[in-house]
Amino acid sequence: VVVNINLANDGQLTINQPSLTFTPNNWNIAQTVTVGAVDDNLKEGTHFSTIAHTIASADPDYSGLTLASVAVTIIDNDVVPIVFNQQKTIATGIDPAGGFGGPTRGTWGPDGRLYVGTYSGVIKAYTLSDNYEVTAVETIATIAGLSNPNILGLAFNPWDNDGSGAPKLYVAHSQLYANGGSSFPVTQLSPYSGQVSILEGPNFSTLTPLITGLPVSNHDHGINGLDFDNEGNLYIASGGNTNAGITAGAIGGIPESPFTAAILKAEITKPDFNGTITYELPNNFVPPNGLTFDPALSQVFGNQAKVASGVDVSVYASGFRNPFDLVFATNGLMYATDNGANAGFGDQSTSATTQQPYGNIFDADELNLVIQGAYYGHPNRSRGMEPGEDRQNVFYSSEAPDIPGVHTAPIAKVAASTNGLEEYRATTFGGQLRGQLFAQKWNGQVYGFDLSADGMQVENTVTYNFTNGLDLLTGPGGVFVNIDLSANAIKVAIPDDISAVGMTAFDIFPWRAPAVGGGSFVIGGQDFNPADTLVIFGGQAASITSVSASRIEGIFPTLLPDPSDGFVDLVVQSGGKVSTITNAFLPLV
């Protein structure tokens, strides 16, 4: 008896022999088939093929048999093109005030909605379809009626996403241009109007001040981006009041004070957290004639003030002129953008008592790795008076080198004005962009930063033109969401990924939540089967609440009492296929 097994494929593979022959002499001896992928120079990404078998024999006992095909995964060696060509505007007229009353900042809520804050204090919560069409809008006006309504920061605490209650929204707001934006009499109060508030309850109508008394420039630098570390501490990007350390009317006419020009840390996990910031002036302070208020309340005298003891807010890193955004990344490191000094906005500080003209130049904007205790070059003479901090009296441009223990140089330089910052976590385009940082130049290009393996350096910077605006964030399915202040609009850039074939999970929102489980998640991807889907985190199955072709929504499983000591894999089984995102989710313990 002779049995021939013929092999066939779709042309994507090479096979070293077209058939196998078995006889009574070799029927029990394995035969090896060597399979290779055809190098066709096509950028197809990871794709699939099959080897089909047909049996031919004169013996009817064998000729009627069938043999299953063998599935083959092909990993393409050609680079998948990175294309975001499905750009669309999903919302306009975010704030009736329009223009600079428009949207400044966006963030995703644990409820899957997109929250957008505006300069005038209105917050919009958007419910979006899988195709990024707006299906419902909730308007939150809790902050709009305050004296300090200008929103430049929004965030949700990942520790709150445990299913125990409604989401709490953290909002950074202040009163910009409080004294008209230029020089003003010292007898006019310049309040410390910066604040971080928690909104919760029906329509987020209950406001609880978390941190008050933060500094705000009499110009366009205020309390900016917010983010949390994995322990639940809050970090705040606080803008500076000067151009290069010296008070100048062109940029507001007020000096730096103890909490300006810095990344601040608020230890809100303390059970008795004190976020009420007050200031004290020296005993020998002589108030000017005509003053009708406590001078410790005015930023005009902030360069002589000290923060009263007992507050649980501190300077984490210093020397930032205007850090619009910061990101606590999946690698455990923090990064921030910073706007460089501009010509015509005042002198630069060269010591505690000396200065020189800044010059007719525009310093580059920066991407910085934020290191606790480091100084990044924007002077603050208020802090420069502190013992051992004379370095903070000296201006260092973006071109200045690292000086250990003195000045920390940026890890990348970009054009002004670069603001929104985000980490891309999706596996689209064969994972080429995963772990990269992206920054948005206002009304211009997007910068992509390819980080070194340790995250300490930028190895390559690429410029993209798929969106523009002020703030930038990613969304389920590997999209970029752009918050466009100038156009009073929200835009989305959708990836055109030719490498994604069949059922594929791209990303998960949020990427971290309490290990006790109970919180909500959204998985973005393609070709999910609503009738047959299973989601597994670190070996534990999640509860699924809904499945569509491109979204899976569910509830995180409990990963206690034996949680992982790091990230766990996300496995999606759907329609008979399996898609895995390695190191996708961090259980917080």
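**Figure 1. Strands β23 and β26 in the predicted model.** Strand β23 (residues 334-338) and strand β26 (residues 365-370) run antiparallel and are joined by 5 bridges, in a structure that is a predicted model. Within this pairing, Thr337 has Leu367 of β26 as its bridge partner. Both strands belong to an open sheet of 4 strands, which has the order β22-β23-β26-β27 and antiparallel pairing. The edge strands of this sheet, each of which pairs on one side only, are β22 (326-328) and β27 (412-414). When direction is ignored, neighbouring strands of the sheet are turned by 20° against each other on average.

**Figure 2. The largest cavity and its lining.** A search of the whole structure finds 1 cavity of 30 Å³ or more, and the volume of the largest cavity is about 90 Å³. Its lining consists of 17 residues, of which Asp338, Asp363, Glu366, Phe395 and Tyr396 are the closest to the centre of the cavity. Sorted by residue type, the lining of this cavity comprises 5 nonpolar, 8 polar and 4 charged residues.

**Figure 3. Strand β10 and its two antiparallel neighbours.** Strand β10 (residues 123-128) is largely enclosed by the rest of the structure, because 5 of its 6 residues are buried. Towards strand β9 (residues 114-118), β10 pairs in the antiparallel sense over 4 bridges, and in that pairing Leu114 has Tyr126 of β10 as its bridge partner. Towards strand β11 (residues 134-140), β10 also runs antiparallel, here joined by 6 bridges, and Thr127 stands opposite Ala136 in β11.

**Figure 4. The buried residue Asp484 and its polar contacts.** Asp484 is found in strand β33, which covers residues 479-484. With a relative accessible area of 2%, Asp484 falls under the 20% limit and is therefore counted as buried. The side chain of Asp484 forms a polar contact of 2.8 Å with the side chain of Lys491, and the Asp484 side chain also reaches the backbone nitrogen of Ser486 at 3.2 Å.

**Figure 5. The largest pocket.** The largest pocket has a volume of about 1000 Å³. Its lining is made up of 50 residues, and those that lie nearest the centre of the pocket are Thr107, Trp108, Gly109, Phe509 and Pro510. By residue type, the lining of the largest pocket divides into 23 nonpolar, 14 polar and 13 charged residues.

**Figure 6. The chain as a whole, for orientation.** The chain contains 2 helices and 43 strands, and 54% of its 589 residues count as buried. Taken along the principal axes, the C-alpha atoms of the chain fill a box of roughly 115 × 50 × 45 Å.

Conventions:
Residues numbered from 1 in each chain as written. Predicted model: local features only at pLDDT ≥ 70, side-chain atom pairs only at ≥ 80, totals over all residues. Heavy atoms only, no water. 1 Å grid on protein atoms, 1.4 Å probe; cavity = no way out; pocket = protein on both sides within 12 Å on 5 of 7 lines; lining within 4 Å. Points joined across faces, edges and corners; volume = space filled by probe spheres on them. Nonpolar A, V, L, I, M, F, W, Y, C, P; charged D, E, K, R; others polar. Pairing = 2+ DSSP bridges. Axes fitted to C-alpha atoms, helices over the stretch in contact; angles between N-to-C directions. Buried < 20%, exposed > 50% of the residue type's maximum accessible area, 1.4 Å probe, protein only. Polar contact = N/O pair within 3.5 Å; in protein donor to acceptor, adjacent residues only side chain to side chain.
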